[in-house]
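Hi,

Here is the structure I promised to pass on.

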Amino acid sequence: MKELTVTVVGNEEIAPGIFEIDFQLPEDIFFRCGQFVNLSVGDGLHLLRRPFAVLFYDKNTRTAGVCYQVKGEGTKLLSQRKEGDKLTCVIPLGNGFILKEEEKRVALIGGGVGVFPLLSVLGEYKDSDKHFRSYMGFRSAAYVNTFGMYDKRSDALFVATDDGSFGKKGTSVSLFFEDFEQAKPDVIFACGPTPMLRALKAGLSERGIGVPCYVSLEERMGCGIGACLVCVCHKTGGEANVRVCKDGPVFEIGEVEI
Ligand SMILES: Cc1cc2nc3c(=O)[nH]c(=O)nc-3n(C[C@H](O)[C@H](O)[C@H](O)COP(=O)(O)OP(=O)(O)OC[C@H]3O[C@@H](n4cnc5c(N)ncnc54)[C@H](O)[C@@H]3O)c2cc1C
Ligand code: FES
């Protein structure tokens, strides 16, 4: 984990209100898929950095990318950053996704901005013997993004929208359960809004599916490094808490209350 000043090399709107910002690091880092960056938004007033999943890290050019949805003031300011601007960040943060040697068939289930952390998994394992079936869910056709990147790297890709205006009507979770017998995954990685993760947890439990399932959580954060406790969530069945920034953001789905 390093605090670095990075240089913006691109910041483009890829879907309505969704941007990809790429930035060059002054030095190499060790990055694992599913880790995140705490990125400044580029003005002197907003001192609190914002957490974003790292989409990719290219060792050769020392360039990293993040996709973000404009939500409030911070992300709006970030969307105004231009090539050559300097930002500060702490990178890499969190535990990330880990694939075991024997886990060959991988299901990736993403909803909304939850599709971003999973893309780094496809990037990291692009030349491996792993097979990916990806399930993406969006509000409507207008919000569909990163489709091309998923399509290129997944062995099979399924897309759903809430209103059926792109792909199938439904959610990434409903697509996953429809395809489950065909997919027979060894492991499941998921990220998305809380209702989506709850539906996944309930669906796995109702069907008695015991496949290991890891979810990346998105809590509001302060420091991003485990010190302020803004991001705590409850461990299942007990009093204990975990810090999403330091102990996560990736947890086994049964480990935390969603
Ligand atoms: C580990 C992690 C990875 C993330 N990765 C991505 C990503 O790849 N792409 C992306 O678009 N967003 C991601 N987020 C969410 C992103 O950090 C927030 O959307 C952003 O900080 C909002 O900043 P803001 O100043 O624009 O909004 P604010 O003005 O602070 O808030 C605007 C709205 O966003 C909500 N919000 C604020 N912070 C978060 C948060 N941490 N998680 C969820 N909702 C939040 C608020 O409740 C409010 O409704 C991630 C969050 C975490 C914790
Ligand atoms: S954000 Fe400060 S402890 Fe997690």
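Before you start clicking on side chains, one term: I call a residue buried if 20 or more other C-beta atoms lie within 10 Å of its own, exposed if 12 or fewer, and partly exposed in between, with C-beta atoms placed from the backbone. Also, this is a predicted model, in which local features need pLDDT of at least 70 and side-chain atom pairs count only at pLDDT 80 or more, while totals for chains, interfaces and linings use all residues. Residues are numbered from 1 along each chain as its sequence is written, and chains are lettered from A and ligands numbered from 1 in the order in which they are written.

Strand and helix names below are DSSP runs numbered from the N terminus: helices are H or I with at least four residues, strands are E with at least two.

**Strand β13 and its sheet**

Start with strand β13 (residues 213-216). Cys 213 and Val 215 point one way from it, Tyr 214 and Ser 216 point the other way, and all are buried. Who are the partners of β13? On one side, β12 (residues 187-191) runs parallel to β13 and is joined to it by four bridges; two strands count as paired if DSSP finds at least two bridges between them. Phe 189 has Tyr 214 as its bridge partner there.

Between β12 and β13 comes helix α5 (residues 194-206), and the three make a right-handed β-α-β unit. Right-handed here says that, with the strands pointing away from the viewer, the path from the first strand over the helix to the second runs clockwise.

Zooming out, these strands belong to an open sheet of seven with mixed pairing, in the order β11-β10-β9-β8-β12-β13-β16. β11 (168-169) and β16 (250-252) stand at the edges with a single partner strand each, so one side of each has no neighbour in the sheet. At the β11 end, β10 (residues 156-161) pairs with β11 in the parallel sense over two bridges, and Lys 168 is the bridge partner of Ala 160.

**Two domains**

The domain assignment gives domain 1 (2-93) and domain 2 (105-216); such bounds come from an automatic or database assignment. Their centres, taken over C-alpha atoms, are 24 Å apart. Twelve residues of domain 1 and 14 residues of domain 2 make the contact, where two residues touch if their C-beta atoms, placed from the backbone, lie within 7 Å. On the domain 1 side, β1 (2-15) and β6 are the elements that give two or more residues. That side divides into ten nonpolar, two polar and no charged residues. For these classes, Ala, Val, Leu, Ile, Met, Phe, Trp, Tyr, Cys and Pro count as nonpolar, Asp, Glu, Lys and Arg as charged, and the others, Gly among them, as polar.

β1 has antiparallel partners: β2 through seven bridges and β7 (residues 86-93) through six. Thr 7 is a handy landmark, as it stands opposite Gln 24 in β2 and has Lys 86 as its bridge partner in β7. β1 and β2 form a hairpin with two residues between them, and Gly 17 in the turn has a positive phi of about 75°.

**The ligand**

What surrounds ligand 1? Its shell has 21 residues, and the closest are Arg 50, Ala 53, Gly 72, Gly 74 and Thr 75; a residue is near the ligand if its C-beta atom, placed from the backbone, lies within 6 Å of it. β4 (50-53), β6 (63-69) and α1 (73-79) each supply at least two residues of the shell. By class, the shell has eleven nonpolar, four polar and six charged residues.

- The peptide bond from Ile 91 to Pro 92 is cis, with omega near -10°, and Pro 92 is in strand β7.
- Gly 248 and Pro 249 are also joined by a cis bond, with omega about 10°; Pro 249 is in the loop between β15 (241-243) and β16.
- Lys 184, in the loop between α4 (172-183) and β12, has a positive phi near 40° and is exposed, with 11 other C-beta atoms within 10 Å.
- Leu 229 has a positive phi near 65° and is exposed, with 12 other C-beta atoms within 10 Å.

Cheers
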